[in-house]
Structures are given as C-alpha cells and as structure tokens.
Amino acid sequence: MITDPIADFLTRVRNAIMAKHQLVEVPSSNMKRAITKILFEKGYILNYKFEDGPKPTIKIALKYHPVTKVSAIRSLERISKPGLRKYTSCEDLPRVLNGLGIAIVSTSHGLMTDKEARAQNVGGEIICFVS
C-alpha cells in the first residue's frame, strides 16, 4: 500500500525522465489527473491519455528537446507531505526559480499554479514544485 500516492506519481515521472523513457504509465486519481493537466497546459509534457477500466491509469508522453535530448522537466519536488502539510496564503506563495518554474497549489477553487492562485487571490496547500 502506498502512503503518499502523489509522491509516488512524481517519483515515477522523475524515474522515467532519468531513464529517458518516452512514455510513463501511472495509476489514476482525480488529483493526479489535475496535476497531469497542469503539466500539459504549461508545456512540461508532450501529451497524456486517461484510461478508465477496472484499474484506471494515466499514460504520459514525456517531452524532450529534439537535439540535446534534455527533458522539459528539470526537477519535480514534493513540498506538502502527509506527515507535514504546507499551507500558505496568496501573499506568501513561493516563486519557483524566480518565476521560471511553477508551484502546483491545491485551493478551494481546485488545483492551479501559483500564478493563477495569486491572480484569483486564493491560498492553499503547496503540492509540488516543477521546473
């Protein structure tokens, strides 16, 4: 049994990037689907597909530079963990790499990036940093 499914999701993606895989398959949940959609909208992954069935999964096509073969995702870091949750107000939302990366925040309006949360003036739980 996995105690932190979001950390497992991020680790699977991180391991696939380090192994230079084109595709990674992870078990699905609503939170993981929302994180995947944000990664796609911000250009960190190439594509994704949600597969329903007895064991729903998410297939993620990773994005690499065509010449240098460097991944679009440089780092994935889990911030709020089950043992220590990290909540913040909209004024105190962190900037990842001084605005070059994104922080994924779980708010009362759903999952969104730190920039969207500042624009909507909402705070929440900082799920992870992506750069």
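Modeller: Let us start with N121, which sits in the loop between α3 (114–120) and β8. Keep in mind that this is a predicted model. The backbone of N121 deserves attention: its phi is positive, about 60°, although N121 is not a glycine. Is N121 buried or exposed? Its relative accessibility is 53%, and exposed means over 50%, so N121 counts as exposed.

Now compare another loop. K20 is found between α1 and β1. Its phi is near 60°, again a positive value in a residue other than glycine. K20 has a relative accessibility of 48%, so it counts as partly exposed.

K20 follows helix α1. That helix covers residues 5–18 and has 14 residues. At 1.5 Å a residue it should span 20 Å, and its end C-alpha atoms are 20 Å apart, which agrees. Which residues of α1 are buried? They are I6, D8, F9, L10, V13, A16 and I17. An α-helix has 3.6 residues a turn, so residues three or four places apart point the same way. What covers the buried residues of α1? The cover includes β1 (23–27), α2, β3 (57–62) and β4 (76–78).

Helix α2 runs over residues 30–41 and has 12 residues. From its first C-alpha to its last it reaches 17 Å, close to the 16 Å expected at 1.5 Å a residue. Its buried residues are K32, R33, I35, T36, I38 and L39. After α2 comes G43, and its phi is positive too, near 85°.

S106 lies in strand β6 (residues 102–107). Which residues does S106 touch, leaving out those up to four places away in sequence? They are L111, G124, E125 and I127. S106 has a relative accessibility of 21%, so it counts as partly exposed. T88 is 18 residues from S106 along the chain, and their C-alpha atoms are separated by 10 Å.

Now step back to the whole chain. It has three helices and eight strands. Along the sequence they follow the pattern α-β-α-β-β-β-β-β-β-α-β. The radius of gyration is 15 Å, close to the 14 Å that the globule rule gives for 131 residues, so the chain is as compact as a globular protein of that length. Its C-alpha atoms fill a box of roughly 40 × 40 × 25 Å, taken along the principal axes.

How much of the chain is buried? Of its 131 residues, 41% count as buried. Take the contacts with a separation of 6 or more: residues 24 or more positions apart account for 61% of them. The accessible surface comes to about 7600 Å², and 54% of it belongs to carbon and sulfur atoms. The chain has 20 positive and 12 negative side chains, and the centres of the two sets lie 6 Å apart.

Methods: Residues numbered from 1 in each chain as written. Predicted model: local features only at pLDDT ≥ 70, side-chain atom pairs only at ≥ 80, totals over all residues. Heavy atoms only, no water. Helix = DSSP H or I, 4+ residues; strand = E, 2+ residues; numbered from the N terminus. Expected span 1.5 Å × (residues − 1). Buried < 20%, exposed > 50% of the residue type's maximum accessible area, 1.4 Å probe, protein only. Rg over C-alpha atoms; globule rule 2.2 N^0.38 Å. Contact = heavy atoms within 4.5 Å. Areas by Shrake-Rupley, 256 points an atom, 1.4 Å probe, with all protein chains shown as cover. Lys, Arg positive; Asp, Glu negative; His and termini not counted. Charge placed at Lys NZ, Arg CZ, Asp CG, Glu CD.
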